[in-house]
Amino acid sequence: MIHWLPRPSGKLAPILLGFTLGLGAARAAEMRRPNILFIFSDDHAWQAISAYGSKLIQTPNIDRLAREGLRFDRCLVPNSLCGPSRATVLTGTYNHINGFFNNYNSRFDGSQTTFPKLLQEAGYQTAMIGKWHLVSDPTGFDYWDILPGQGQYYNPPMIRNGERLKRQGYVTEIITDLALDWLKQRDPSRPFLLMCQHKAPHRDWEPSLKYLTHDGDRQYPEPATLFDDYSGRGKAEHEQDMMIARTMNNRDLKLVPPGALTPEQRKIWDAYYEPRNEAFRQANPRGKALVRWKYNRYLHDYLGCIRSIDESVGRLLDYLHATGLDRNTIVVYSSDQGFFLGEHGWFDKRWIFEESLRTPLLVRWPGVVKPGGANKDMVANLDFAETFLEAAGVPVPARMQGRSLLPLLQGRTPADWRKSFYYHYYEHPAEHNVARQYGVVTDRYKLVHFYEPEFNYWELFDLKKDPQELKSVYGLPRYAKTQRDLEQELARLRATLKVPVQDPPGTVIGRPAAGRTTNPVR
Ligand code: CA
């Protein structure tokens, strides 16, 4: 079977072929340009995918991508937060280049270069369906059908090419239906880019009503650090506000119902939660027992959302298979960042630590990617745009800061592949009270600076000796050389990536610190 294999130069091969071989051959080459199905979820922890060894859930459909494609074991994000991560995916740049720093006052500048725009100009049909979360309207898409803002799980309002609509049902199923509808009506003579972007499993983790009973009353295995006391780390870790113990509110814990349910839906919701909530009120757990109750409620709901995501992946893969499109379609599954599922006592993301820094990445591309492999290289969502462009034979703009994953997909890691990675989180003061931080990550170490004046301290973690990142070894004599090397590497990365010395004005958040949201349960 012949497959479209773009040249490293990125020249538009179909056009050249058109001159040399005539229009028929050009058409044939055009037909071989791969379709791209990009399935993107919001806050899906790699710990909740069985292909990554999850003990929490089976995800047979996502696992199909691992079995038939390549699993990346260290895909990192430059800023572990929804909007900034999406801006990075679209532009292949860090947030100080694309201008989207935080979810409070950033607005995506849709006039900048994005990979969907470049694919559209190169003749791809482009569609964006689901969670967008970049404030401005999507650009570079023939069709877009998005959730406003964060969106809602049940009966979500949506915006289709600028027109506001209200849809009935569960958000993950609606987005999947819309994605399938779009695939069915597309122009089959041209390649497509379809970005199918889920809201789930974002907070408040509201599962499909059909999956409320999915795990019965299972008690989930606990992470070793569920009761972390943050000793060995600094002020930022002590003062964050993203703890299962004290931050989760009644909506998170389903002690009050969501507002958007119809009366019929509400009956189903109540039938599951109300007897359990009443038992909780009667038992009135305290201390660690209360944390454990919250942890189990959290996991039940979060994993319930994953059931629908996995089902969605299965429906999309089945459609590709039934139509034969699977043979020439790159299917990517990823999330906008990782997530804490009780590690360090936390939910949410934001930190340079592994649970939030790493995101799932699975890629299937028959004929190019050997099935069933695992890649350990440091890759990033910064590389997605470059990868898609190279796969489509479109030149990669110099502005982009990542690197195409194509050689890795073909099983060849270039000798000069990145050995270090720069991270930078800006959203503070804000909800969850996670301090601004930048740092450098290598295969073994992390050096991080909490750089706001009221914090201003460094931490160094040795992942080999301390994989759970519990004790900073910064300043210890035996790490002096490592620390110096990492400081130099951090300076080099900041210079190469053109990181401003001071945070740019766009990062300033125009509202005071949210402060502690003391737990309203009790
Ligand atoms: Ca997210």
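Helix 12 gives the most to the lining of the largest cavity, namely four residues. Helices here are DSSP runs of H or I with at least four residues, strands are E runs of at least two, and both are numbered from the N terminus. A cavity is a set of points, on a 1 Å grid over the protein atoms alone, where a 1.4 Å probe fits but cannot get out, and its lining residues have an atom within 4 Å of a point.

This is a predicted model, in which local features need pLDDT of at least 70 and side-chain atom pairs count only at pLDDT 80 or more, while totals for chains, interfaces and linings use all residues. Residues are numbered from 1 along each chain as its sequence is written, and side-chain values use heavy atoms, with hydrogens and water left out.

The largest cavity has a volume of about 70 Å³, a volume being the space filled by probe spheres set on grid points joined across faces, edges and corners. Among its lining residues are Phe384, Thr387, Phe388 and Ala391. Strand 8 (329-335) and strand 9 (358-364) each supply at least two residues as well.

Which residues line the second largest cavity? They are Phe40, Arg86, Val89, Leu90, Met128, Trp132, Leu134, Met195 and Gln197. Helix 4 provides the largest share, three residues.

Asp43 and Cys82 are among the coordinating residues. Asp43 lies in the loop between strand 1 (35-41) and helix 3 (60-68) and Cys82 in helix 4 (residues 82-91), so the pair ties together parts that are 39 residues apart in sequence. Both residues, Asp43 and Cys82, are buried, that is, under 20% relative accessible area with a 1.4 Å probe and protein chains only.

Key: Donors are N, O and S atoms within 2.8 Å of the metal (3.2 Å for Na, K and Ca); water is not among the atoms, so sites may look incomplete. Buried means under 20% relative accessible area, exposed over 50%, partly exposed in between (1.4 Å probe, protein chains only). On a 1 Å grid over the protein atoms alone, a cavity is a set of points where a 1.4 Å probe fits but cannot get out, and a pocket is an open set with protein on both sides within 12 Å along at least five of seven lines; lining residues have an atom within 4 Å of a point.
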